[in-house]
Amino acid sequence: MSWLTPRIGAQLVDLGSAMLLLTCFAIVAQRRLSACVDLFALQSAFLAMTATLVAFLTGTRHIYIAAALTVVVKSVVIPHVLRRVIERLNVTRELVMNVNVPASLLICGALVMTAFIITQPIISFGHLLTRNSLAIALAIVLIGFFTMIARQKAVTQLIAFLVMENGLFLGATAATYGMPLIVELGVFFDVLIAALIAGIYTNRLQDAFDSVDTSRLSELKE
Amino acid sequence: MAIFLTVMLAVYAAGIVLPLTIPVRPTLQNLLANSLAGVAATLGIVLGATGVVAPDPLTLTWSSSIPLLAFAVRLDALASFFLLTISLVGLAAAIYAVGYLRHLPSRVSPAALGALFNAFLCAMTLVVIADNGFLFLIAWELMSLISYLLVVTDHEDPDVRYAGFLYLIMAHIGTAFIVVMFLLLFQQGNTFSFEAFRHPERVLPTSLQTVVFLAALIGFGTKAGIVPLHVWLPYAHPAAPSHISALMSGVMIKTAIYGILRVSFDFLGGQFPWWWGFLVLVIGAVSAVLGVMYALMEHDLKRLLAYHSVENIGIILLGLGAGMLFHAYGLEDLVALGLLASLYHTVNHALFKALLFLGAGALLSATRTRNMEEYGGLLRRMPWTGACFLVGAVSISALPPTNGFVSEWLVFQTLFQSGQVPSLLMKLMLPLAAAMLALTGALALVCFAKAFGISFLALPRSSHARHAEEVSWTMRIGMIILAATCVLLGLAPMVVVPLLDHVIQPMTGRSIAGQMLALGGWTLIPVDAEFSSLSSPVLAMLIAGSAMMALALTALAGGWREKRYARTWGCGLNLSPRMEYTATAFVQPIKRVFGTIYQPTLKLETELMHESQYFAKSRRFTVRIEPIFETYLYLPVAAIMPALADRLRVIQAGSLHVYLAYIFVTLVLLLLIAL
């Protein structure tokens, strides 16, 4: 494929990263939980695409495996688990928010700018074709973190946590062409377990408080 | 030498492990633990004595896999001197403990106590021989923690728990400062090796050296019990079993003196401004006076002794501070004199304070109380303990012919050399310090006249005292060893001074033993024969001679042979212990004179009969001394802490989101700062 020069390749990786960031904003703006899960599945699919692209462009074989795992774990298994949780708990919408949607979007915009400012000096040193994605990866991590703070339902927080993980994965791919395979396998396993545990914890929360609002946990304070 | 050292440490290790492996045989556990400690201490004495006179220090190094930590030990003259002191007291305490432990309540396991005893001695030994900052800190912390465990031996008593808690807090505050000191020294060459501290690649700027010195003074001062960091001492020392109190008060606080000497004269190379020495001098004077003043008001024998440790640390620091001050003015001979006096007092205090604590332990085990007001007339029932205690009391009151007299006299001589100092201020301050020391000596004499008189003379004040019996032989031997060394060190300065000269020579570069000892060592001349001289053997002979003379005269007058027994004048009443002078009454005049410092409060509570106001049902009379530093320094600080914590609780909202937000904000800020 002679038309796929490194320059065009880098553009494509940037495009994939940008799509990831876009889904992030969509998640922040979305009130319906099932839609959030769908968006997360979509984001993971974009992540897998970007990773495949990087693997293809650089010839780093093990990223293919990581990409395949991303599809299986993050696009299929975890969303499935989350949908079951939502179904069982019968919560469909995020009603109360710590920060409302317009303000959240503005803050996320500011976070993206911050991420770009922070990574500016690092990017200019890099020689990788993925280097521009680093800023986006950091932005995704920050947005994920912010979403955990801004949303009250445990399900949304779990999604935000997974979004952070996606950001980290993108960051690893962007900065070093992926972590060693054994580390990535470990991370996937961790994420899966974390999602399962958080699912159980959400159920317990529902049982205890008749709600999955994590701010209710402050009642446990001494 | 290296073999001796290894064997000594191995015997201590065996002393820690073996007693614990013996199943329930308290007597055997006790005997084994203490005999191993005794063997190790004997080896320590040999090692210390040879180390003091050895021309070159013994160094041993085992590297370790932990970065910056090397098991480096160095036995130079200074370390050997302290090793000798620790081992000497350790040996006496080990022998004493064999008998003493039998009197302890059965719930205290002799195996655990013996193991801790060995570990405590071993940790103190490691502190003085460590040649690596890291190893030193480990040994130092072990020493603090093990002594804490020993302090809370009797942990069922809430007072003991409080004492232990206070001790633990103060010990850790002190260690924090020592850590700061080592970290600053670490910057000199990125290593914790003492060798690198001694010969730094790059010398710290003067301001940082000041911080190092002050950190050392506070850090080690907390352990030494200088005023106002002494608050833990009167609680912790009495709470421990007596042979442990003897070690804590006699030698553990001396490791702090070792630390101060090591840092100021070894690491900082003795290059310091005059005010460092002045500061030490002031701290010494204040500690000496306040220590003895609070001791006077105590009627708990072990607390009284603990306060005397504050006093004696003050005297040691007076010699040291004067030495440092002279150093700043380049009077090297006087520096050597000051250090010599201070080290002499260090070993003396270790001996007589350990002796007195062992004596107090003997009284405690015979009468089951530490309250002096319940003693009385014990000399007739416990003559050996009484004699040994008397030797200790004479020593600590700095009376000839004992060791305390010689060293305190030397400190005086050092302080009197103010004439040679060029600074006018110091010309005034040094004699003032000498005056404070004189006051201290006088008050100490009153205090021990009280302690000995009330405890041992007259009639028993309680049934405990009436039924007291002399303690077991091992306990007596432990005390006799120390009493004998107290007298020996007093009679033979000609042996001690050259030994101490070896110790201070590397620090000051001067040897003064030759010029100090005249007439074949029979006379001690600190500076100048015109100024002052002392011959303690002759003095002892004079005292003995005049006593003989008095006896002879009495005999001649016939009073010796003819004995008449008659009732003491008792105003027609039968003599009872209630007529005796009490300890409280004994010190009442002094309490009046120093009322400003003591701030005594008298309280008389009377509960009247219901029916009539003219008949009292009960009366309660309490006398209280205001502990100034606790009331005005520590309690306010302690009160501020909960208030601060209350304020800080606002940020602990209990909400997951808020906690996440803290982390998030911190993360973003750090990222932006790192930019």
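A quick word on the ground rules. This is a predicted model, where local features need pLDDT of at least 70 and side-chain atom pairs count only at pLDDT 80 or more, while totals for chains, interfaces and linings use all residues. Residues are numbered from 1 along each chain as its sequence is written, chains are lettered from A, and side-chain values use heavy atoms, with hydrogens and water left out.

**Where the chains meet**

Polar contacts (N or O atoms within 3.5 Å, one able to donate a hydrogen and the other to accept it, with sequence-adjacent residues counted only if both atoms are side-chain atoms) come to 2 residue pairs between chain A and chain B, both at pLDDT 80 or more. On chain A's side, H5(A) gives the most, with 6 residues. By class, that side has 12 nonpolar, 7 polar and 3 charged residues; Ala, Val, Leu, Ile, Met, Phe, Trp, Tyr, Cys and Pro count as nonpolar, Asp, Glu, Lys and Arg as charged, and the others, Gly among them, as polar. In terms of contact (heavy atoms within 4.5 Å), 22 residues of chain A meet 16 of chain B.

**The cores**

A nonpolar core is a set of buried Ala, Val, Leu, Ile, Met, Phe, Trp, Tyr and Cys residues joined through side-chain atoms within 4.5 Å. Buried means under 20% relative accessible area, exposed over 50%, and partly exposed in between (1.4 Å probe, protein chains only). The largest core has 214 residues, and those with the most contacts inside it include Phe136(B), Trp232(B) and Leu261(B). Helix H13 (residues 332-367) of chain B supplies the largest share of this core, 23 residues. Helices are DSSP runs of H or I, at least four residues, numbered from the N terminus. A second, separate core of 67 residues includes Ala10(A) and Val73(A).

| Residue | Relative accessible area |
|---|---|
| Gly38(B) | 10% |
| Asp131(B) | 7% |

Gly38(B) sits in helix H2 (residues 26-53) of chain B and touches Leu91(B) and Ala94(B), leaving out residues up to four places away in sequence. Asp131(B) is in the loop between helix H4 (110-129) and helix H5 (133-151) of chain B. Its side chain makes a polar contact with the side chain of Arg198(B) at 3.3 Å.

Technical notes
Helix = DSSP H or I, 4+ residues; strand = E, 2+ residues; numbered from the N terminus.
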